[in-house]
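Please report on the ligand site and on the backbone and side-chain features of the structure shown here, with the cut-offs behind each term.

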Amino acid sequence: MADGARQAVILAGGQGTRLRPLTLARAKPVVPLLNHPFLAYQLALLRAHGVSDVVLACSYRVDDVREALGDGARLGVRLRYVVEDEPLGTGGGVRHAADLASGTLFVLNGDILTDADLTAMRHLHEAHGSRTTIFLQPVDDPRQFGLVETGADGRLLRFREKPTAEEKITTNTINGGIYLIEAPLLARIPRDRPSSIEREFFPALIAEGIPAYGWCPRTYWRDLGNPVAYRAGHVDLLEGRANMPLSPPGERHDGSWIGVGASVADGAHVVAPSVVGAGAVLARDCRVGPATVVGDGARVGAGARVEGAVLWERVEVGAGAVLDRCVVGADVKIGAHARVGPEVVLESGAVVPEGATLAR
Ligand code: GDD
Ligand code: MG
């Protein structure tokens with residue numbers, strides 16, 4: 001499939017260390033985002049830009065990923081999985097997957113949320129005769145990312161992954177984690193040892209003068225790598241800050257989405273924008289929202305208040321409990337009248353006793 005970048009590799013093999021404890025229970029690429037597995041958003045974006053042949057480069061908890069996404073048919077894409085025996089890093093992961101690829105290839109980090117116009121990226125790549133194009137974004141604090149310097153014409157001049165504290169910072173433009181790469185270039189990456197696309201592949205292309213460009217559009221972008229960013233990503237989508245080609249599951253109702261078979265008792269309020277999962281049960285006089293996601297099969301007790309929170313599947317919130325801007329893993333039980341404060345993250349299966357107060 002040589003024509004115009006219709007294939008993609010998604011790097012989905014990291015351990016999601018910074019997203020713990022959420023990733024102890026589920027692989028990072030499929031943690032829920034508004035009740036869809038995270039990668040469903042990337043797949044929807046790819047599909048919206050004519051890319052429907054996608055290889056997932058996995059190494060950690062691949063069964064979670066398979067269970068959530070299957071063969072991709074439900075999402076309108078063809079998904080194939082390649083699994084590393086030992087993690088091969090971002091370079092080795094792409095190299096391993098590249099056996100199934102040809103022509104021009106999109107490569108995505110499996111943890112970035114964006115509505116970037118991939119068609120425009122493809123046009124820029126072609127117009128410049130670029131062999132590798134990197135999606136760039138400006139950020140306030142670039143040190144935790146890959147720093148990228150470009151010339152006036154957009155050509156890459158320098159790629160420096162996560163500079164040390166002593167190093168002088170010369171740009172706030174970073175690697176946004178989407179690339180267009182001419183597949184034959186990937187033969188440069190060693191096949192059977194771990195390597196880093198950021199520390200090895202990109203700097204080598206620049207050093208050798210291979211045409212490589214940056215593309216820095218004004219668009220929505222966020223790395224969902226830690227729990228604060230993960231919750232903030234939910235709020236962004238609920239408040240309409242991104243133009244995603246995928247809506248939350250459920251029917252639109254007064255500015256919220258109510259899932260199939262959910263029940264909302266008399267006197268219970270869903271304050272928009274919120275998402276209530278399939279089969280969820282909201283008891284009388286509870287208030288859910290704004291900016292809240294209730295997972296499939298979750299139950300919110302009478303008089304409870306849940307605001308700015310993300311609840312995974314089957315969470316049980318006791319009567320009169322108050323949850324404020326927290327993230328609650330699957331099957332957590334929160335006792336009656338307990339209070340859970342901002343940015344608290346509860347591991348799947350946790351039990352919060354009646355009347356307890358949890359703060360960060
Ligand atoms: N298959 C496979 N194998 N995938 C991996 C492996 C591996 O051994 N290691 C990491 N990945 C995947 C992760 O799952 C993630 O989707 C992606 O590669 C990037 O790894 P992260 O661990 O999330 O890297 P980061 O967030 O610190 O930095 C990267 O992303 C930034 C943008 O969010 C870099 O690409 C930076 O340059 C970039 O700025
Ligand atoms: Mg990341």
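The report below takes up the ligand site, then a salt bridge, then some backbone features.

This is a predicted model, in which local features need pLDDT of at least 70 and side-chain atom pairs count only at pLDDT 80 or more, while totals for chains, interfaces and linings use all residues. Residues are numbered from 1 along each chain as its sequence is written, and side-chain values use heavy atoms, with hydrogens and water left out.

Ligand 1 is surrounded by 26 residues, the closest being Glu84, Gly89, Glu161, Asn175 and Glu198; a residue counts as near when one of its heavy atoms lies within 4 Å of the molecule. By class, this shell has 10 nonpolar, eight polar and eight charged residues, where Ala, Val, Leu, Ile, Met, Phe, Trp, Tyr, Cys and Pro are counted as nonpolar, Asp, Glu, Lys and Arg as charged, and the others, Gly among them, as polar. The table gives polar contacts of the ligand, a polar contact being a pair of N or O atoms within 3.5 Å.

| Residue | Atom of the residue | Atom of ligand 1 | Distance |
|---|---|---|---|
| Alanine 57 | polar backbone atom | nitrogen | 3.0 Å |
| Asparagine 109 | N or O atom in the side chain | oxygen | 3.0 Å |
| Glutamate 198 | polar side-chain atom | oxygen | 2.5 Å |

The protein covers 91% of the 740 Å² of accessible area that ligand 1 has on its own, as given by the Shrake-Rupley method with a 1.4 Å probe. Two or more residues of the shell around ligand 1 come from each of α4 (89-97), β10 (156-161), β11 (173-182) and β13 (221-223); helices (H or I, at least four residues) and strands (E, at least two) are DSSP runs, numbered from the N terminus.

The structure holds 20 salt bridges, each defined by a side-chain nitrogen of Lys or Arg within 4 Å of a carboxyl oxygen of Asp or Glu. One of them joins the side chains of glutamate 313 and arginine 26, at 3.0 Å from N to O. Glutamate 313 lies in the loop between β24 (310-311) and β25 (316-317), and arginine 26 in the loop between α1 (22-25) and β2 (32-33), so the pair ties together parts that are 287 residues apart in sequence.

Most residues other than glycine have a negative phi, and most peptide bonds are trans. The bond that joins arginine 20 and proline 21 is cis, with omega about 5 degrees, and proline 21 is placed in the loop between β1 (7-11) and α1. Alanine 272 and proline 273 are also linked by a cis peptide bond, with omega near -5 degrees.

Methods:
Chains are lettered from A and ligands numbered from 1 in the order in which they are written. A polar contact is a pair of N or O atoms within 3.5 Å; within protein, one must be able to donate a hydrogen and the other to accept it, and residues adjacent in sequence count only if both atoms are side-chain atoms.
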